[in-house]
Amino acid sequence: MRLLQPINALRGALIDPARRERSVLLALAVYLALWTIYGTIAKSSQGLHPDMTELIAWSRDLAWGYKHPPLAALIVRLWFSLFPVAEWSYYLLAMLMPTIALWIVWRLSADYLDIEKRVVGLALLMLIPFFNFHALKFNVNTVLIPAWAATTLWFLRSYKTRSPIYAALAGVGAAACMLGKYWSVFLLAGLIVAALIDKRRAGYFRFAAPWITVLAGLAVLAPHLVWLAQNDFAPFSYAVTLHGDKPFAVTVFAALGYLAGSIGYVAIPVIIVLAAARPNRATIADMVWPGDSERRLAAAAFWAPLLLPAAGALASGTEITSLWSMPAWTLLPVLLLSSPKLTMATADTRGILVAAVAVPLIVLIAAPAIAINVQHTGPQPAAAHAQVLAYQVERAWHDATPQPMRYVGGDPDIAYGVAAYAGDRPRALPGLPQPNDAELAQSGMVLVCFVEDVNCRQAADALAARIGPSRRIESEIVRNYLSFAGKPQRYTILIVPPRP
């Protein structure tokens with residue numbers, strides 16, 4: 001029983017009205033720190049994922065859009081104006097996203113759950129991989145976790161109170177979600193569906209609240225809409241090219257996989273609640289689709305954004321994946337725990353808290369072994385070698401010219417990595433509006449490919465021949481981790497100095 005004393009103390013602090021708010025903030029700060037340390041250690045042999053270095057490259061050349069909307073790049077720009085570009089700082093930013101979302105869930109759940117269930121609900125979300133393992137890869141999906149949570153909170157409170165402030169916040173939140181990723185259209189559509197099927201909809205739409213939400217959202221979104229029109233809606237073309245126009249059978253399989261995978265990601269919290277509370281059929285029915293209006297609105301706001309993507313995929317011939325359901329779980333604790341027919345014993349709360357505390361501690365202990373295993377199996381070279389390669393590329397550039405390196409291209413993953421780490425902070429050519437030949441000739445550029453990537457090398461040779469004289473270098477990089485040797489990888493580097 002002595003081992004449970006810290007858990008009892010934690011539960012006591014979280015349910016005490018005088019201490020609960022500062023206690024939950026402290027608990028979330030510890031959660032943030034543990035998972036950041038885990039990510040820094042476990043991923044130390046593999047480098048930053050290309051999705052992350054791509055955002056650094058975008059953040060150096062801010063615009064109102066790229067192949068995705070600009071919110072993630074803007075956050076990265078602001079973050080690295082305060083912190084150094086380093087793996088630990090990037091994982092800290094990544095884990096800040098789900099941590100903020102957990103705090104929002106804590107605040108939202110106060111509208112539906114008693115304090116014991118609020119503690120359980122928060123702990124259950126900490127057992128979902130979206131809030132830790134997957135969140136460590138900061139990308140356009142990660143930023144949606146707090147954005148969807150905040151928008152859901154503000155919408156529900158706006159609907160309930162008709163408050164102009166909450167209505168405006170809901171609009172701003174909705175715009176932020178769309179500026180994060182267009183996938184957020186399913187959140188907005190889902191919240192509209194939830195409002196329309198609610199019995200109180202006539203009263204809601206007679207008030208100013210929904211129209212304030214629309215106007216606030218459009219005001220925030222307007223610059224991006226202008227950018228879309230000016231750029232021929234390029235992100236939509238990218239999305240269709242990558243995920244759209246699929247055969248019906250492929251779409252059906254992907255939609256079923258999306259639903260099954262999404263359920264699989266949250267299976268542990270669901271199983272824990274069912275095993276602990278042992279609800280009967282009537283209670284399960286009340287959990288899934290509540291009888292009272294307030295809880296049913298929350299349930300509709302949960303189910304609609306989760307299920308609409310499957311219907312949208314079938315209608316549009318788009319291939320979707322369960323990873324994209326990452327931000328859709330804000331209301332899961334309300335769905336699982338808000339039924340008055342369901343009770344949770346104090347012993348169950350303790351057990352769930354034990355699991356929530358134990359998981360990050362266990363994986364933190366395992367982090368060095370995970371890093372070593374990745375080193376043995378061979379990490380992605382573009383990520384693992386990025387920092388060393390950036391140093392070599394920059395040194396070769398300055399051997400050729402005293403001018404700063406302005407552009408780096410070639411293989412996209414390599415270019416993003418070099419751009420992220422190079423001291424000259426160059427622009428990465430892939431994915432950005434291409435400078436004209438005159439600008440490239442005036443500034444010069446570096447093109448980097450894997451030696452074995454014939455297509456990349458041919459494209460680099462063609463571009464270099466069009467711009468000006470070039471110098472070719474081949475480099476072999478081996479990144480060792482502790483005493484474990486890495487796999488060698490050869491790179492072709494084309495230096496095109498600026499024209500005099």
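**A residue, a helix pair and a core**

A: Beyond its neighbours within four places in sequence, Thr 346 is in contact with Arg 11 and Glu 116. This is a predicted model. Thr 346 lies in helix α18, which covers residues 346–377. Its relative accessibility is 31%, so Thr 346 counts as partly exposed. Arg 11 sits 335 residues away along the chain, yet the C-alpha atoms of Thr 346 and Arg 11 are separated by 9.4 Å.

Now the helix pair. Helix α5 spans residues 87–109 and helix α7 spans residues 144–161. They pack at an angle of about 20°, with axes 7 Å apart. Angles under 35 degrees count as roughly parallel, so α5 is roughly parallel to α7. The crossing of α5 past α7 is left-handed. On the α5 side, the contact includes Met 97, Ile 100, Ile 104 and Arg 107. On the α7 side, Ile 145, Ala 149, Leu 153 and Arg 157 are among the residues that take part. By class, this contact has 12 nonpolar, 1 polar and 2 charged residues.

Next, the core. The largest nonpolar core has 130 residues. Tyr 90, Phe 131, Phe 138, Leu 337, Leu 389 and Val 448 touch the most other members. Helix α5 supplies the largest share of this core, 13 residues. Leaving aside neighbours within four places in sequence, Tyr 90 is in contact with Leu 48, Met 52, Leu 55, Ile 56, Val 76, Phe 80 and Phe 138. Another core, of 14 residues, lies apart from the largest one. Its members include Ala 441, Met 445, Cys 449 and Ala 460.

Notes
Residues are numbered from 1 along each chain as its sequence is written. This is a predicted model: local features need pLDDT of at least 70, side-chain atom pairs count only at pLDDT 80 or more; totals for chains, interfaces and linings use all residues. Side-chain values use heavy atoms; hydrogens and water are left out. Axes are lines fitted to C-alpha atoms, for helices over the stretch in contact, and angles run from 0 to 180 degrees between N-to-C directions. Helices (H or I, at least four residues) and strands (E, at least two) are DSSP runs, numbered from the N terminus. Angles under 35 degrees count as roughly parallel, over 145 as roughly antiparallel, 65 to 115 as roughly perpendicular and the rest as oblique. A crossing is left-handed if the near helix is turned anticlockwise from the far one by less than a right angle, and right-handed if clockwise. Contact means heavy atoms within 4.5 Å. Ala, Val, Leu, Ile, Met, Phe, Trp, Tyr, Cys and Pro count as nonpolar, Asp, Glu, Lys and Arg as charged, and the others, Gly among them, as polar. A nonpolar core is a set of buried Ala, Val, Leu, Ile, Met, Phe, Trp, Tyr and Cys residues joined through side-chain atoms within 4.5 Å. Buried means under 20% relative accessible area, exposed over 50%, partly exposed in between (1.4 Å probe, protein chains only).
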